Amino acid sequence: MKAIVIHEPGGPEQLKYEEVATPVVKPGWSLVKVRAFGINHSEVFTRQGLSPSVNFPRILGIECVGEIVESTDKKLSVGQKVVSLMGEMGRDFDGSYAEYVLLPSQQIYSINSQLSWTDLAALPETYYTAFISLKNLKIDANHQVLVRGATSGVGVAFANLLKSQFPDIKVSGTTRSVLKTDQLLAAGFDHVVIDDQNHLQTTRSFDRVLELIGPLTTKDTFQHVYEGGIVCITGLLGGQWTLNGFDPIMDLAPNSYLTSGYSGNVSADKFNDLLAFIDQYQVKVTPEKIFSLPEVPDAHQYLASQQSFGKVVVKVD
């Protein structure tokens with residue numbers, strides 16, 4: 001089979017399109033024909049050598065959509081449409097940057113959807129993460145909402161889900177580049193806030209904040225939260241994993257709440273809840289950019305560029 005293999009950490013040029021052996025099924029695992037997958041910032045971090053548990057060579061990819069080819073699990077039939085994400089896929093074992101991937105059967109979720117493969121590929125990490133964050137933020141139609149890191153795939157997906165449910169709700173989004181203002185407005189955001197050196201350039205406050213930059217900016221975020229507001233840390237785009245020097249008593253807004261969204265908190269029922277939500281509210285989930293398998297290095301380069309916006313997926317022929 002063809003796959004993208006990384007033999008040593010570095011830039012996008014380290015992602016090599018190669019012929020490798022197709023994985024052999026073993027007890028408790030299933031072989032999946034990969035139809036499409038999303039590109040994620042965590043895979044960029046791993047490619048750069050910033051995931052200390054990952055050994056090379058490795059086939060990256062923490063998510064995919066596809067079909068069962070062979071399985072030792074009677075619940076997974078050949079040809080079944082499935083989705084998989086997280087569970088150390090692409091880290092402890094080879095992931096989805098390939099024509100086929102061998103996965104633990106317990107982290108394969110059967111789905112029933114008429115969405116195209118590329119639309120489905122926008123869901124596992126991106127829309128699912130946005131969806132669980134949406135639920136944790138407990139938003140109603142009267143809230144003022146901020147998405148910090150709005151130009152990311154999860155940021156755009158979150159706004160899309162929220163606006164589909166509450167068309168008149170006011171949603172602001174942050175960006176470090178004023179050049180992306182028009183793109184954010186076109187994506188459904190009502191107001192754009194510039195993030196300059198991890199400080200929001202606004203005096204406004206918000207009832208609910210989706211924090212995608214992560215611990216790096218959380219303290220500053222709480223300077224813009226109304227009393228009783230909720231902040232949901234979901235992303236780590238700032239590259240900082242922990243809240244350093246954060247005093248909960250002093251740094252939280254008065255009577256506010258801090259929660260989180262984690263895509264590893266997944267089950268077939270939860271994922272199908274997302275599909276039902278998309279169907280109920282007629283959410284358009286088409287990705288912003290589509291690449292082919294040999295173009296994965298280009299996809300990584302795009303994701304890291306100033307032109308990057310929204311979800312990037314790869315279609316596997």
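**Entry 1: a first pair.** Which side chain meets Arg148 in a salt bridge of 3.1 Å, N to O? I looked it up and found Asp195. A salt bridge here means a side-chain nitrogen of Lys or Arg within 4 Å of a carboxyl oxygen of Asp or Glu. Arg148 lies in strand β8 (residues 144-148) and Asp195 in strand β10 (residues 191-196), so to speak distant parts of the chain, 47 residues apart.

**Entry 2: ground rules.** I noted that this is a predicted model, where local features need pLDDT of at least 70 and side-chain atom pairs count only at pLDDT 80 or more, while totals for chains, interfaces and linings use all residues. Residues are numbered from 1 along each chain as its sequence is written, and side-chain values use heavy atoms, with hydrogens and water left out. Helices (H or I, at least four residues) and strands (E, at least two) are DSSP runs, numbered from the N terminus.

**Entry 3: buried or exposed?** I wrote down the cut-offs: buried is under 20% relative accessible area, exposed is over 50%, and partly exposed is in between (1.4 Å probe, protein chains only). Arg148 counts as buried because its relative accessibility is 0%. Asp195 counts as buried because its value is 7%.

**Entry 4: a second partner.** Arg148 also meets Asp220 in a salt bridge, at 3.0 Å from N to O.

Entry 5: I then found Asp251 paired with Lys219, with 3.8 Å between their closest N and O atoms. Asp251 sits in helix α7 (residues 248-251) and Lys219 in helix α6, 32 residues apart. Asp251 is buried because its relative accessibility is 9%, whereas Lys219 is partly exposed because its value is 41%. Shared partners join Arg148, Asp195 and Asp220 into one network of salt bridges. My count for the structure is nine salt bridges.

**Entry 6: helix α4.** How many residues of α4 are buried? Eleven of its 13 are, so I noted the helix as mostly covered. Among them are Gly153, Phe158, Leu161 and Lys163. Helix α4 (residues 153-165) reaches 19 Å from first C-alpha to last, close to the expected 18 Å, which is 1.5 Å times one less than its number of residues. Its buried residues pack against α3 (123-137), β8, β9 (170-175), β12 (206-211) and α8 (268-280), where contact means heavy atoms within 4.5 Å.
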